[in-house]
Amino acid sequence: MTEPLLSVQHLGVEFDTDEGVVRAVDELSFTVAAGETLGIVGESGCGKSVTALAIMRLLPQPMGSIAGGSIRFQGEDLAKLPVARMEKIRGARIGMVFQEPMTALNPVKTVGKQLIESLLLHTDLKVEQAIRRAIEMLDHVGIPSPDIRMGEYPHQLSGGMRQRVVIAMALICRPSLLIADEPTTALDVTIQAQILELIKALQQEMGMAVILITHDLGVIAETSDNVAVMYAGRMAESGTVYDIFDDPRHPYTQGLLASIPRLDHASKTRLTTIEGMVPGLLDLPKGCRFENRCSRRQARCATHAPVIETIAEKHKVSCFNPATQPPHDAAINT
Amino acid sequence: MLRFAAGRLLQAIPVLLVVITATFLLVHSAPGGPFSAEKAVPAEVIKALEAQYQLDQPLWKQYVSYLGDIVNGNFGPSFKYPGRSVNELIAAGLPITAELGLYAMLIAVLIGISAGVFASLRPNTLQDYVPMSAAMLGICMPSFLLGPLLVLIFGIYLEWLPVSGWGDIPGDKILPSITLGAAYAAYIARLSRGQMLEVLSQDYIRTARAKGLPEPLIVVKHALRGGLIPVVAFLGPAFAGLLGGSFVVETIFQIPGLGRFYVQAAFNRDYTMILGMTIFFASLIILFNLLSDMLAIWLNPKLRHGSGAAKP
Ligand SMILES: Nc1ncnc2c1ncn2[C@@H]1O[C@H](COP(=O)(O)OP(=O)(O)O)[C@@H](O)[C@H]1O
Ligand SMILES: [Mg+2]
């Protein structure tokens, strides 16, 4: 098998806070092959954004740092790359789209200036060529009259348009990996679908890999080849989209699936939610982090943390007592 | 933008009117007159002088005729320098004060911004603490203390620089300019540090980093402009402060600028001089506040294009 485009192994990320050192991501491993989409899903605060920022080496300074593990990307370990080398990769070979389109663009610079910036930085294009490429790119992401938009400021665009600009900016150098951190969470539902369609279309056309971060399993189902389910900084379960949706094993994954409203269920079906609280990163339990909310817990779950194990070709679960049957609702306290 | 400027200029008229009226009344209610002096002057001489300058008229008449003169840009004759008009005296002192103010402003802006930006790049480290402690000191140190202190160190003890004058000996402009500019440099340093920290924590700076921009380019191309808008808006008030400060500094260093005229005019009860200069200063301050506000607006596209309604 050829080496995957991105291979994150045993990644740890720590924050030095006033209350002490917090390990926001721990022992996280996953791979992304060229051209494919990995969906990372999990509740708010489980470490999705931190993982993305670690790959980009954009963890908030000075408190955030990579504490262990490796991030191999196209033959280099990003975790150990000098900053100057990393700057050559950011924007050129890895593009990133952030959650907040309203604040992701510089309010005092025109759309055009912000677009051509990375082209001038990473390619040999002259300004006029860069401008032409930027107009093409705006057209490509579905922005009408792109030549006029080039001279406009972000506040003159709607939220959906801004997110299109942000996507155009992330993709303008044709990176081989796009990291999209909740790219649609801040947008209207109708716009959300459009933006996801756009990312999918561009991905197919440009052949890039995508890491799509979301807390919405519905989005994952529509877009991803593989799925990583995170819980409290660790990987709970990962596998193909079929593994996760048709044969979920981790009680947490099952709980997540049970909590999405389904069209094929009778409308009377009660929406299930997982009860209990996510443990705080400052006082993590000794055993499994999901233990206090889990309906399948056993005695050892409180004392020992499970390690992630492969149960099928790509399917991995971190659980002492994984479910063997798919029925979604059975595993959960309701 | 033009409408904004026109509106502000219109607002300035009542402000100036209040300034003129208040100063006029204050000056005329102060005890003694311009011609009361230590040595006895014959009563008829004073009478003749008062008639010449219309001081024997009722107050409201003096006021009305003075307003009429001002509208024509004429501040009247000086009471203390016979044969010279207030306009002439202002014109004589203005270039010197303007030069002093310009140097002080340059020092304030250049040193203030560099120190502030420098400190903001590594917050809560030595690179931050050292310039910011110096700035705190600069803000707390009044110019009537700093001036003599600098003279003592660089003029008398080290003998590097002249202790007074303006344009007579090379280097005599350095100490007054520093004395006048220091507090504003300190203030601008703190202002730009705070604003830069604010801007550098914004999402769009992270976006710029995600593009692969090296840190120095991020500061110059993405942070500086947003970071300096409040500094630009502060230049107007800073200018007013510099004018006030120049009175003290010109007195300390015996510089024949407007400030010294003004202080002397107050001691001499030179009514027209005090009035004329007050009105002149007030107009300048209004003008510079307007200019710095306009510049700040121009730097901010959201304000420049009027209301920021998003297009669908
Ligand atoms: N700047 C920070 N300082 C300290 N802790 C942080 C910081 N950013 C994130 N964390 C920690 O990392 C955890 C994961 O955050 P994040 O990755 O943003 O969650 P999400 O999965 O919602 O994107 C948070 O719960 C928090 O404890
Ligand atoms: Mg997040």
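So, ligand 1: there are 14 residues around it, and A:Gly45, A:Gly47, A:Lys48, A:Ser49 and A:Val50 come nearest, where "around" asks for a heavy atom within 4 Å. This is a predicted model, with local features needing pLDDT of at least 70 and side-chain atom pairs 80 or more, while totals for chains, interfaces and linings use all residues. Residues count from 1 along each chain as written, chains are lettered from A and ligands numbered from 1 in written order, and side-chain values use heavy atoms, without hydrogens or water.

Now the polar contacts, meaning N or O pairs within 3.5 Å. The side chain of A:Ser49 puts an N or O atom 2.7 Å from an oxygen of ligand 1. From the backbone, an N or O atom of A:Val50 sits 2.8 Å from a ligand oxygen, and one of A:Cys46 lies 3.3 Å from a ligand oxygen.

Over to chain B. Helix α4 (residues 86-121) and helix α5 (residues 126-140) have axes that come within 7 Å and cross at roughly 150°. So α4(B) and α5(B) are roughly antiparallel, which is what angles over 145 degrees get called. Who touches whom, with heavy atoms within 4.5 Å? On α4(B), B:Ala115, B:Gly116, B:Phe118, B:Ala119 and B:Leu121; on α5(B), B:Gln127, B:Asp128, B:Pro131 and B:Met132. That's six nonpolar, two polar and one charged.

And α4(B) has another partner: its axis comes within 7 Å of that of helix α10 (residues 258-268) of chain B, crossing at roughly 130°. Here B:Leu89, B:Ile90, B:Gly93, B:Leu94 and B:Thr97 of α4(B) meet B:Leu258, B:Gly259 and B:Phe261 of α10(B). This contact splits into five nonpolar, three polar and no charged residues.

Notes: Axes are lines fitted to C-alpha atoms, for helices over the stretch in contact, and angles run from 0 to 180 degrees between N-to-C directions. Helices (H or I, at least four residues) and strands (E, at least two) are DSSP runs, numbered from the N terminus. Angles under 35 degrees count as roughly parallel, over 145 as roughly antiparallel, 65 to 115 as roughly perpendicular and the rest as oblique. Contact means heavy atoms within 4.5 Å. Ala, Val, Leu, Ile, Met, Phe, Trp, Tyr, Cys and Pro count as nonpolar, Asp, Glu, Lys and Arg as charged, and the others, Gly among them, as polar. A polar contact is a pair of N or O atoms within 3.5 Å; within protein, one must be able to donate a hydrogen and the other to accept it, and residues adjacent in sequence count only if both atoms are side-chain atoms.
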